[in-house]
Amino acid sequence: MATVNADVKLVNALAEEKQVYVLNVLVNASGKEVAGTESVITVPAGGEADVAQSFTVSAPVLWDVDDPYMYTLYTGVYDGNDLVDRYETRIGIRSFRFDAEKGFILNGRKVTVNGVCLHHDLGPLGSAVSRDALRRQLLMLKEMGCDAIRTSHNMPAPEQIELCDELGFMVMCEPFDEWDWAKCKN
């Protein structure tokens, strides 16, 4: 059993408050609905409202470095019967913990992290994002036994993170590399 938490921020640009219906539906890789939840929320005129929803997946297929199973969470916002906004989020369900004696535990089993530092460039392609080139790069790393990536000192392209999820890579996004003191004056 697993719990999925979905946080939705609603923005109302109208001059009157609006009551809307928020529906979250989790769909498995075969396209079958496996869980979901709904809420009715009032969003103030010209304001915002946050919706925090949780639901349970009774028998989830777990995401793993060897079997990166992905679900799709469909979020819909309805005004009456009219769908006014929709968003898709790809997610994997997994458990992990760090144990002082056993190391890294993923879904109840010890996993040795075999990682690399991977900067954002694609060699001669430079910093331009090419989904095909990223996939090729990640597949070569996978063939070498890599299952984890530390990104460079800026946030990676969303395409890289999506591919890592799909191909079974654990990722540590490093947004900057100057924690306590700067490398230089400026």
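Ala6 sits in strand E1, which runs over residues 2–11; strands here are DSSP E runs of at least two residues and helices are H or I runs of at least four, numbered from the N terminus. The model is a predicted one, with local features needing pLDDT of at least 70 and side-chain atom pairs counted only at pLDDT 80 or more, while totals for chains, interfaces and linings use all residues. Residues are numbered from 1 along each chain as its sequence is written, and side-chain values use heavy atoms, with hydrogens and water left out.

Ala6 has a relative accessible area of 6%, so it is buried (buried is under 20%, exposed over 50% and partly exposed in between, with a 1.4 Å probe and protein chains only). Setting aside neighbours within four places in sequence, Ala6 is in contact with Asn24, Val51, Ala52, Gln53 and Leu73, contact being heavy atoms within 4.5 Å. Leu73 is 67 residues from Ala6 along the chain, yet their C-alpha atoms are separated by 8.9 Å.

Now to helix H1. Buried in H1 are Ala133, Leu134, Gln137, Leu138 and Leu141. These residues cover an arc of only 130° around the axis, which puts them on the same side of H1, where the arc is that of the directions from the helix axis to the C-beta atoms. An α-helix has 3.6 residues a turn, so residues three or four places apart point the same way. The buried residues of H1 pack against strand E10 (115–118), strand E11 (148–151) and helix H2 (158–167). On the face turned away from that buried side, H1 carries exposed Asp132, Arg136 and Glu143. Also in this stretch of the chain, Lys142 lies over the face of Phe169, 4.8 Å from the ring centre; a charge counts as over a ring if NZ of Lys or CZ of Arg is within 6 Å of the centre and within 35 degrees of the ring normal. After H1 comes Gly145, with a positive phi near 100°. Asn107 is not a glycine, but its phi is also positive, about 55°; this residue is in the loop between strand E8 (103–106) and strand E9 (109–110).

As for aromatics, the whole structure holds five pairs. Rings of Phe, Tyr and Trp (its six-membered ring) pair if their centres lie within 6.5 Å, with planes under 30 degrees apart called stacked, over 60 edge-to-face and the rest tilted. One of the pairs is Tyr69 with Tyr71, edge-to-face at 5.1 Å centre to centre and 70° between the planes. The rings of Phe98 and Phe104 have centres 5.1 Å apart and planes at 45°, so this pair is tilted. Phe98 is exposed at 67% relative accessible area, whereas Phe104 is buried at 11%.

Disulfides, pairs of cysteine sulfur atoms within 2.5 Å, number zero in the structure. For Cys146, the closest cysteine sulfur is that of Cys164, at 8.6 Å, too far for a bond. Cys173 also has Cys164 as its closest partner, with the sulfurs 8.4 Å apart, again too far for a bond. Cys146 is buried at 5% relative accessibility, while Cys173 is partly exposed at 32%.
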